[in-house]
Amino acid sequence: MLIFEQSQSGRRATAQAPGSAASLESIPESLRREQPAVLPEVSEMQTVRHYTRLSQKNFSIDTHFYPLGSCTMKYNPRGCNTLAMLPGFAARHPYAPESHSQGFMACMYELQEILKEVTGMREVSLTPAAGAQGEFTGIAMIKAYHDAKGDRERSEIIVPDAAHGTNPATAVMCGYKVREILTKRDGDIDIDALKNVLGPRTAGIMLTNPSTVGVFERRIREIADLVHQAGGLLYYDGANLNAILGKVRPGDMGFDAIHMNLHKTFSTPHGGGGPGAGPVGVSERLIPYLPIPMVSYDGDSYQWLTETEHPQTIGQLTAFSGNASVLLRAYIYAKMLGREGMVRVAEYATLNANYLMKLLTEAGFQAAYPERRASHEFILTLKKEAKELGISTMDFAKRMLDYGVHAPTTYFPLLIPECLLIEPTETESPEDLDNFVEVMQKIRHEAEHQPETVTSAPHRMPVKRLDDVKAARELDLRWQSQES
Amino acid sequence: MPFIPHTADDVNRMLSSIGVDSIESLFDEIPEDLKCGALDAIPTGMSEMEITELMRQRAAADGQPACFIGAGAYDHHIPAAVWELATRGEFYTAYTPYQAEASQGTLQLLYEYQSMMTALTGMDVSNASLYDGASAVAESILMAVRANRKSKSRRVLLPRSLHPAYRKTVQTIVHNQKIELVEVPFDSATGKTDLDALDSYSGDDITALVVPQPNFFGVLENVDALTSWAKANGAISIAVINPLVHAILKPPGEWGDEGVDICCGEGQPLGIPLSSGGPYLGFICCRQQHVRQMPGRIIGGTEDLDGKRGYALTLQAREQHIRRSKATSNICTNQGLMVTAATIYMALLGGEGMAQTAAAAHANTGRLVEKLCSIDGVDTLFDSPVFHESVLRINATPKNVLRSLAAHNVLGGYDMSKEYPELGDAILVCATEKRTEQQIESFRDKLDRIMNRQAKCPVTPKFDQT
């Protein structure tokens, strides 16, 4: 039942509104509402009960194994939330003067420094609000760099076919054409294909490493040299940074611009789909174009860096300084990990992924790249099951929900048929991984003996399989009162 | 090992299953010469107790000054239930509801949010949120350019009375897409968008007109006239509003003769803490006919196999994970957790509670302005009705005055001189319903003393002794 359907005219959560009615006489009648907005009229307890019950209809990291590939659904430490919400931080106005911001700015400055060190980039700006905005920032900086050199012929961004959809969409938002290149059967980029598209029109290339197919791009240095020789720059999509944290750094691989998904690698909450935070890091040549504001430190106090200090900046990306409270959570997490903890993130994420891949292949499932090491994630392809048993990856995914496991990412990357992209993360215990293997085996067993159980799954969720086609054809995007 | 559960036995068992002798061998595909050594510049880890102490000190160092700054971020009361519920693990640690059957909580909540936003704005549809108000304006402009197929100019009129940070953000985001942003001046007496200046564009090919309400000065714009102008000139109208005060103000769906085409803005006043400017909540609503041009996630109602009602992501064919380079935007996430808070806030307050809160902020700002204007050398700059912010002219250098006030733990407003030098010495002040009589009184007294002293000693003292 919707909260609107519990509404009773005249009912209110009275404790939540200011006591006395205030006069509105100075506001012209013509600018005011004629009718009050039709919002729910419910008590405080009804509201609390309703949203508590709604929350119970969700899978989440706190309640379920959530091996959603490319999303790094690891434990979000509670301490990070508690401390980021301390009244002094929660109440700080974005335009508070530096005199009343030194505590907050110290955290931001130190976070910039930590991210620089762990990525090997020269400078970092924290302001992009999410990974996609970080990507936009990176490509906009590359554009600004070429423009500043008067190099206006460069109109193309190269993107591998396995890339996240955000990559080509970002390139277009920055005014570029997209050139796709193929991934070879071993998961690495086809270097010959790359050489064919490189040229005077190349503005840059967008890469994820380890790539979206879950393997480390071994010839990355060669790729970097080729792109640089052609006059292009390299953009690193930080979606998979968790796999290499403290092991190998994008700056050392030759990247010029990177974004980091702090909601993945630095464990800030995913919140039902955001907010994220997507700080960017750059090599020497892109420093002038970094987005503002940033924080500097003169040994005595912290200052904001704005257009005044960075006249060539691409500008600001949100009204203030990005998702500050997410950045605080990432800072707290980074401080708790320390340098030794960061390396362990990559090590145990990789250990878990390789262990799980091994167990699943031993159980007879087909890995997409069996000859390769898994990074922090790997791909299974269920094309054999689809062909022989008539059970699609979607059916497997839906049945997993019945067994209390959130499905891995399905049908991405697009180039691998019937695929599951599985990312267990470092915070899961081996028992949870063993359980996942059992679940996969159970579902396959069901598929062999009672396939309709699988094809009509899920059975134990609040709803059965939903009709997406109806949702798109007969648009129903809001509740409407009976009278209207 | 913080947050890693493995015992030494676990590791050994796992390595032997994989068939390698060390964790390091799992990284053998990475060229040896690429690997980094120890990250010396990063300090060693802290326990929760240690980091708690550090963060408490830092939070305390920023004090909790009495805040009279608004300028796009407002210090409203947030009911305790809002964040108690929003930080429940089932909301806080879920992700984008790709598996709809295991995400009905988030999906239904987003559907309720869309319903509340359309009720408030008088629009047909709402998406499930964007990053913040400023980026929502940028996305609205890009959407208008796609939606207005008759217009070829890609020319968008932006009033100078729109938040300066929003104008800058728009510039950053749309600048590579060959869109021309034209600034429309405001009337220096009223602080409203200058209709005569706007009329000079009548008959031109204009793709879209942005209409803020209230505008950055707190002033209420002639929204009906602006919306009608856009309609008459074939431009898409984009309202930029504060959703809380629209519990009182006329919804954009009713502006002019037919309402605006797109309505966007900042949802922070709906239960989201100031928290240094983010994360906040950008929203965007529009007319039904533009829904396929809307960026971001959209939730739709549907049925399951048994005909039972449920909710799912819909119209995904607009989005980057399907359309790649042809998507409406590169946006991937929304601000789910902020939407959760805002939805609970709106449910708790209801239309009437929100209207009362907005009215109380309006009245409080009225009281503040009256008190401050009783000081010699302080006066309102515009002779127009305002909602809960007002521009005051002060007979002193704003920067110095605000610094002196801050030394007394009062954040006395936003200094207008950098972004609006044409206004002279002026500050933008705001008193939400949270500011007490006592705080307002104390602000007045401090400002009075500072102004008096500056009048006697107009040269900026080298060391501020306040």
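Chain B contains 13 helices and 15 strands; helices (H or I, at least four residues) and strands (E, at least two) are DSSP runs, numbered from the N terminus. The structure is a predicted model, in which local features need pLDDT of at least 70 and side-chain atom pairs count only at pLDDT 80 or more, while totals for chains, interfaces and linings use all residues. Residues are numbered from 1 along each chain as its sequence is written, and chains are lettered from A and ligands numbered from 1 in the order in which they are written.

**Chain B as a whole**

- The C-alpha trace of chain B spans about 80 × 60 × 50 Å along its principal axes.
- Of the 466 residues of chain B, 61% count as buried. A residue is buried if 20 or more other C-beta atoms lie within 10 Å of its own, exposed if 12 or fewer, and partly exposed in between, with C-beta atoms placed from the backbone.
- Among contacts in chain B between residues at least 6 apart in sequence, 76% join residues at least 24 apart. Two residues are in contact if their C-beta atoms, placed from the backbone, lie within 7 Å.

**The interface between the chains**

- Chain B brings 157 residues into contact with 170 residues of chain A.
- On the side of chain B that touches chain A, the largest share, 20 residues, comes from helix H11 (residues 336-372) of chain B.
- That side of chain B has 79 nonpolar, 54 polar and 24 charged residues. Here Ala, Val, Leu, Ile, Met, Phe, Trp, Tyr, Cys and Pro count as nonpolar, Asp, Glu, Lys and Arg as charged, and the others, Gly among them, as polar.

**A helix pair across the interface**

- The axes of helix H4 (residues 102-119) of chain A and helix H2 (residues 48-61) of chain B come within 6 Å and cross at roughly 130 degrees. Axes are lines fitted to C-alpha atoms, for helices over the stretch in contact, and angles run from 0 to 180 degrees between N-to-C directions.
- H4(A) and H2(B) are therefore oblique to each other; angles under 35 degrees count as roughly parallel, over 145 as roughly antiparallel, 65 to 115 as roughly perpendicular and the rest as oblique.
- Gln102(A), Gly103(A), Phe104(A), Ala106(A) and Cys107(A) of H4(A) make the contact with Arg58(B), Ala59(B) and Ala61(B) of H2(B).
- The residues of this contact divide into 5 nonpolar, 2 polar and 1 charged.

**Domains of chain A**

- The domain assignment gives domain 1 (79-337) and domain 2 (346-470) of chain A; such bounds come from an automatic or database domain assignment.
- The centres of these two domains, taken over C-alpha atoms, are separated by 31 Å.
- Domain 1 of chain A provides 18 residues to the contact, and domain 2 of chain A provides 17 residues.

**Individual residues**

- Ser456(A) lies in the loop between helix H15 (451-455) and helix H16 (468-473) of chain A, and is partly exposed, with 14 other C-beta atoms within 10 Å.
- Not counting residues up to four places away in sequence, Ser456(A) touches Arg465(A) and Leu305(B).
- The peptide bond from Ile292(A) to Pro293(A) is cis, with omega near 0 degrees; Pro293(A) is in the loop between strand S7 (280-282) and strand S8 (294-297) of chain A.
- Ser129(B) is not a glycine, although its phi is positive, about 110 degrees. Ser129(B) is buried, with 31 other C-beta atoms within 10 Å.
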